[in-house]
Amino acid sequence: MQDTASLAAVGHRIVENVGKVIVGKTSAVQQALATLIAQGHILVEDVPGVGKTTLSKALAISVGCSFQRIQFTPDLLPSDVTGISVYNQQSGDFAFRPGPIMSQVVLADEINRATPKTQAALLEAMEELQVTVDGVSHTLAPPFMVVATQNPIEYEGTFPLPEAELDRFLMRLSLGYPDFNEEMAIIERQELTHPIDSLEPVATPEEVTALQEAAKEVYVDRLVRQYIVSLTESTRNHRDVALGASPRATLGLFRIARAMALVQDRDYVIPDDVKSLATSVLAHRLVLSPSARMRGIRADELINDLLNQITVPGMAQV
């Protein structure tokens, strides 16, 4: 295995390379890379035209991974995602014809436009890194990540993601609009061609796998572990929450904190890693109570309140 310094250099190259296409969103790019290192999946929820699709494609190119885009529509079938078995008349056997899910980085574009049955076709792949067609399981090549997008303001013709599927997304990200200078830079970079057309890989899938293994060695102090558990546990006991964060969320926050520490050149996790990632990891998993929704409370606001209430390890008691 490569040493920590060389692996950190790989991470820097990837972030810098994606930054050639995604302008001014270094934090979001780092979080996307950390999600890949943590072997998780991303739900990018944002308005059209801010670079959701471009982020996933640029990340796939930068790490030398195969990439497929699935445009989710109401008539999309599960077999259109996973693949089908086709009868071969010459051999007399069924041959598996793989679907787009068999790529390493898969963009599930506008995922909430497909029916729940088709959305469910992703569940096995996201959790078990395999797909089963006609009783035969097919293993997905590592590293594997699903990047799903959805529009937060368009509800007509959409099917809300069920809690079981939301819980399988390690992170929910939002790129947001660029500021004035960033948007000027975007115009200049795309004046003649799109920069993604000339983007080249700066890492290999094997190096990403090495980063994933290295993240497992990042040190997490017991107090930081208790801080993570306290955060997730507090969501289950809150009066405004009908369904709190699951143990999968606890493990996810633990893994992504390790991965982010590695991206930022550290072999140990600090409480700030947990604080900076908690909202993106936990908020989309919560189901608020009817009274909380009536009062206009949002899940991300609730997580921020909990972060302010729970004592951070190492802080002096007032």
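I began with the term itself: a salt bridge is a side-chain nitrogen of Lys or Arg within 4 Å of a carboxyl oxygen of Asp or Glu. By that rule, I found that the structure holds 13 salt bridges.

I noted that this is a predicted model, in which local features need pLDDT of at least 70 and side-chain atom pairs count only at pLDDT 80 or more, while totals for chains, interfaces and linings use all residues. Residues are numbered from 1 along each chain as its sequence is written, and side-chain values use heavy atoms, with hydrogens and water left out.

I looked up Arg239 and Asp240, whose side chains form a salt bridge at 3.6 Å, N to O. Arg239 is exposed at 67% relative accessible area, whereas Asp240 is buried at 5%.

Next I turned to Arg266 and Asp273, a salt bridge with its closest N and O atoms 2.8 Å apart. Here Asp273 is buried, at 3% relative accessible area, and Arg266 is buried too, at 12%.

I then checked Arg298 and Glu301, whose side chains meet in a salt bridge at 3.2 Å, N to O. Arg298 is partly exposed at 45% relative accessibility, and Glu301 is partly exposed at 34%.

Which residues are linked in a network of salt bridges? I recorded Glu127, Asp167, Arg248 and Arg285 as linked in this way.

Notes. Buried means under 20% relative accessible area, exposed over 50%, partly exposed in between (1.4 Å probe, protein chains only).
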